Amino acid sequence: MQWLLPALALLFTLSARAETAGPLPDSAAVVEKVLARDELQQVDLERYQYRQRVRTEKLDSRGQVRSASELIMVVRPGQDGGFSIVADGSGAILAPDEAEDRSDEARASEKLKDTFSLRRLASRFDIRVAGQEECLGKPAYVLTFTPKPDKSFLPRSMTERVLGRVEGRMWVAQDDYTILRTEARLPKPVDLAWFFAVMKSFQFSYAAAPIPSGWGPGSFALEYRVDAVPFQHIRQRQQIAIDGYRLR
């Protein structure tokens, strides 16, 4: 899906090793099928609206939550799509002026999902079929992705600078090439465009969930830490949970 893939990163671990059974398919062919499936899935998702709970946490240097906020949104993908903020995290209905005050937070969550577009990012990575595992109850290919050593690529933004350095894995259903899960991380700190600022860590994860016509986005999680001189840091976590799919 548009928001799935490399866009990437949460606790990438090598502890779950892929089980291979027989020869693995050609990596380039699998990537093409995943891209084609992603296109079809985007069209299918435009038929639905869904509920989205967005939780944003500001963390201290030890990773403890200092403050948190939540939004409940109704999202309508497609050319005429958009979103409506309907409540805060407690379920309390927001008045129109309160909802408008929090619209920037809602737009940021939508931009987060779009940032990790498979079509936008696939060309920047070497993607290889590494093995086979079961994922979400389905046989899946395990794909690894690492940045291409392309010296000619000049990042145009801080986001591109960071995303161009992440690495991770994804799990793709063997029957229809749906992306079931993605995990990625920044393997080492990245200098940012700011003065004396460094992205110390960056982690992303995605998981699909069943919808009436197959699979759709189920959850996203993103956590990052930026350190700046002197002794300044920004550490934040955002979690997006999606459910309540229904035809529009």
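The legends below describe several close-up views of a predicted model.

In this predicted model, local features need a pLDDT of at least 70 and side-chain atom pairs count only at pLDDT 80 or more, while totals for chains, interfaces and linings use all residues. Residues are numbered from 1 along each chain as its sequence is written, and side-chain values use heavy atoms, with hydrogens and water left out.

**View 1. Confidence along the protein chain.** The mean pLDDT, which is the predictor's confidence in each residue from 0 to 100, is 80 for the protein chain, and 77% of the residues reach 70 or more. Over residues 1-20 the pLDDT is below 50, although this stretch has 101 contacts in the model beyond near neighbours in sequence (a contact means heavy atoms within 4.5 Å). Where pLDDT is low, the predicted coordinates should not be read in detail.

**View 2. The aromatic pair of Y48 and Y245.** Rings of Phe, Tyr and Trp (its six-membered ring) pair if their centres lie within 6.5 Å, and planes under 30 degrees apart count as stacked, over 60 as edge-to-face and the rest as tilted. The structure holds six aromatic pairs. Y48 and Y245 are each buried, where buried means under 20% relative accessible area, exposed over 50%, and partly exposed in between (1.4 Å probe, protein chains only). Ring pairs also join Y48, Y50 and Y245 into a cluster.

**View 3. Q132 and its polar contact.** Q132 is found in strand 4 (residues 125-135) and counts as buried because its relative accessibility is 15%. Its side chain makes a polar contact with the side chain of Q174 at 3.0 Å (a pair of N or O atoms within 3.5 Å; within protein, one must be able to donate a hydrogen and the other to accept it, and residues adjacent in sequence count only if both atoms are side-chain atoms).

**View 4. Two loop residues with positive phi.** L136, in the loop between strand 4 and strand 5 (138-147), has a phi near 50 degrees, a positive value in a residue other than glycine. Y177, in the loop between strand 6 (167-173) and strand 7 (179-185), has a phi near 70 degrees. L136 is partly exposed, with a relative accessible area of 43%, whereas Y177 counts as buried at 16% relative accessibility.

Note on methods. Helices (H or I, at least four residues) and strands (E, at least two) are DSSP runs, numbered from the N terminus.
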